[in-house]
Amino acid sequence: MSSTIQESQVDLRYLELLSNTFPTVAEASTEIINLQAILNLPKGTEHFLADLHGEYEAFQHVLRNASGDIKRKVHELFGNEMRESEKRELCTLIYYPEKKLELVKSSEPELDDWYHITIHQLVRVCRDVSSKYTRSKVRKSLPVDFSYIIQELLHERTDDVDKTAYVNAITDTIISTGRADDFIIAICNVIHRLAIDQLHILGDIFDRGPGSHLILDTLEKYHSWDIQWGNHDILWMGATAGNDACICNVIRLCLRYANMETLEEGYGINLMPLATFAMDTYGDDPCIEFLPRELGEESMDAKTRQLSAQMHKAICVLQFKTESALMAKHPEWEMEDRRLLTAIDYEHGTITLGGKTYEMTSCHFPTIDPSHPEELTETEKTLMSKLHHSFRVSEKLRRHIRQLLQHGCMYAVYNNNLLFHASVPLNADGSLREVRLYGEKQYSGKDLLHRIGMLIRSAFQADTQPQERSYAVDYFLYLWCGKNSPLFNKSKMATFERYFLQEKETHKEEKGHYYRLRDDEHVCDRILDAFGVEGPNRHIINGHVPVHVKTGENPIKANGKLMVIDGGFSQAYHKETGIAGYTLVYHSRGFQLVQHEPFTSSRDAVIRGTDIKSTTQIIEMSQHRMLVADTDKGVEIRQQISDLKDLLYAYRHGFIKERDRKNNHLAK
């Protein structure tokens, strides 16, 4: 150690900087003791969610109940002390304290007794969830108004004869001063905060459901979260960056799922120009292919449904034209076969695909010139300009996209787990596929996802060179529907075929090799090796493709090496998958996969005490309870301890002088 300090001026300068934080031997020693103790605390609980797709209420409930982890703790704590109905009531109170309190106060005859019993129960739960953290971390999680009181209740017990009166007096005073409701709400929020140490979202917050903006509002205030961008997130990021094809796709999906709430109410996107254009252009067109057939249609009257269909068709034609322009601009994407407007015989209403001619269900395109089918009319250019402006000036949308950039990336490695949304491009033999990005160089595996992440960020950075930024903005479309995109990884996106062709063979989107090979343990090991994930208990965790439980598909693949946790959060998938999604909990004792049945509403949860019906599958349990020392954080802490020991050596051998923190001069 001493030779390192003596020989390296760089190390000495670092230790001098470190001495500003720990200016004396005593303070450096105290920090070493503190860090060494933290290494022996239980590992914090990680919570994994994927493919939320705007389902705000279900997301909120899963967040509040920690995928059943809080319910599990309540059952462990109270066992046979409480009836099942009482434990259910306590859980509901923890999930929705404000709403549950209103209900209790309207029906409970002995309210003070209820307050007294409930506060003691909540303190026990809070004590349990806080037990794996330092007092310092718990203290930082407490609301200012009740910080001292909660600390006292957490660290004093009624079974201590000397403190019984003291603890009871605190509870009695909370009630007598009229602060019981506020205290209960505060301690329930602390339980939410401490139940989960880190939230991982494996992509696709946006599209389908009506509450994507509300999910991001919630995440803005959440204590610790990360996201691995999904294809639908990338689509909205592209729209915000100014990619017109992405803008069209975003609007089309909202119309398809009869969900305009996120666009209009959430982000203030003005769709009046589109509605006016659609009525003028398709006023006499039944637009049968574009009638809402998805969620939300039941709330529409006939006139609204028809207008929605007209807007849907108008934006689709704009989408096909703007996509074709980008595909023509970037031949290196090899998407020439997706410029389908050039493959239509407008006179006969047919289209030729793969050498075969198909009759289209309709061929009424008043804004398409058959001799120049990809060109926008002057009216379409004006409309596109207005839509483009509306997305670019939405401050709330830009703020939410900044959140995705600050907390997100294409992949992440946490505690020997590799997280990404969809796939890693592979060749047929399972080797990593090389994909060309901006310029001539090709990348694969970790380098590919890292470079894509850098390219995405460059689209939002003011100092990016204009040419590079232009390519970055364009590339959002390839990430959305390109065959070698790690976020799509299929032969094509058959949007056009699904609208205009009846033959199911044309709708088929051939999945990339990753989806065929991901059940192969050796392939998963190759991917994990490429990303530098080490250890005997390493895993790949991703979403994107719903698990079809109805047909017997298992979310656990490759002998436990890979977990797919997209079971269909979105209501649009429920009939197809048979469930309402998977979530994953990774606590100090191991992995638990939670399979959810459809959630009704928070109102039902409060009034009837209903919860998401869940089936917990234990994936992998550790032989010993995992500690902070076993995590990535443990590696960081051990390095900090090593640095502090070097600082102690430097103090004791005179390389650095101790200082008086208060007066900022050398200690005597």
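C287 sits in the loop that links α17 and α18, where helices (H or I, at least four residues) and strands (E, at least two) are DSSP runs numbered from the N terminus. The model is a predicted one, so local features need pLDDT of at least 70 and side-chain atom pairs count only at pLDDT 80 or more, while totals for chains, interfaces and linings use all residues. Residues are numbered from 1 along each chain as its sequence is written, and side-chain values use heavy atoms, with hydrogens and water left out.

C287 is not a glycine, yet its phi is positive, at about 50 degrees. Most residues other than glycine have a negative phi. C287 is also buried, with a relative accessible area of 0%; buried here means under 20% relative accessible area, exposed over 50% and partly exposed in between (1.4 Å probe, protein chains only). D204 is another non-glycine residue with a positive phi, this one about 65 degrees. It lies in the loop between β2 (198–201) and α13 (212–220), and D204 is buried as well, at a relative accessible area of 1%.

The axes of α17 (residues 272–282) and α18 (residues 302–329) come within 8 Å and cross at roughly 95 degrees; axes are lines fitted to C-alpha atoms, for helices over the stretch in contact, with angles running from 0 to 180 degrees between N-to-C directions. The pair is therefore roughly perpendicular (65 to 115 degrees; under 35 is roughly parallel, over 145 roughly antiparallel and the rest oblique). On the α17 side, L274, A275, F277, A278, M279 and Y282 make the contact, and on the α18 side L307, Q310, M311, K313, A314, I315 and V317 do, contact being heavy atoms within 4.5 Å. By class, that gives 11 nonpolar residues, 1 polar and 1 charged. Ala, Val, Leu, Ile, Met, Phe, Trp, Tyr, Cys and Pro count as nonpolar, Asp, Glu, Lys and Arg as charged, and the others, Gly among them, as polar.

A second pair is α5 (residues 69–78) with α8 (residues 111–130), whose axes come within 10 Å and cross at roughly 110 degrees. These two are therefore roughly perpendicular to each other. Here K73, V74, L77 and F78 of α5 meet Q121, R124, V125, D128 and V129 of α8. This contact has 5 nonpolar, 1 polar and 3 charged residues.

Finally, α20: its buried residues are L397, H400, I401, Q403, L404 and L405.
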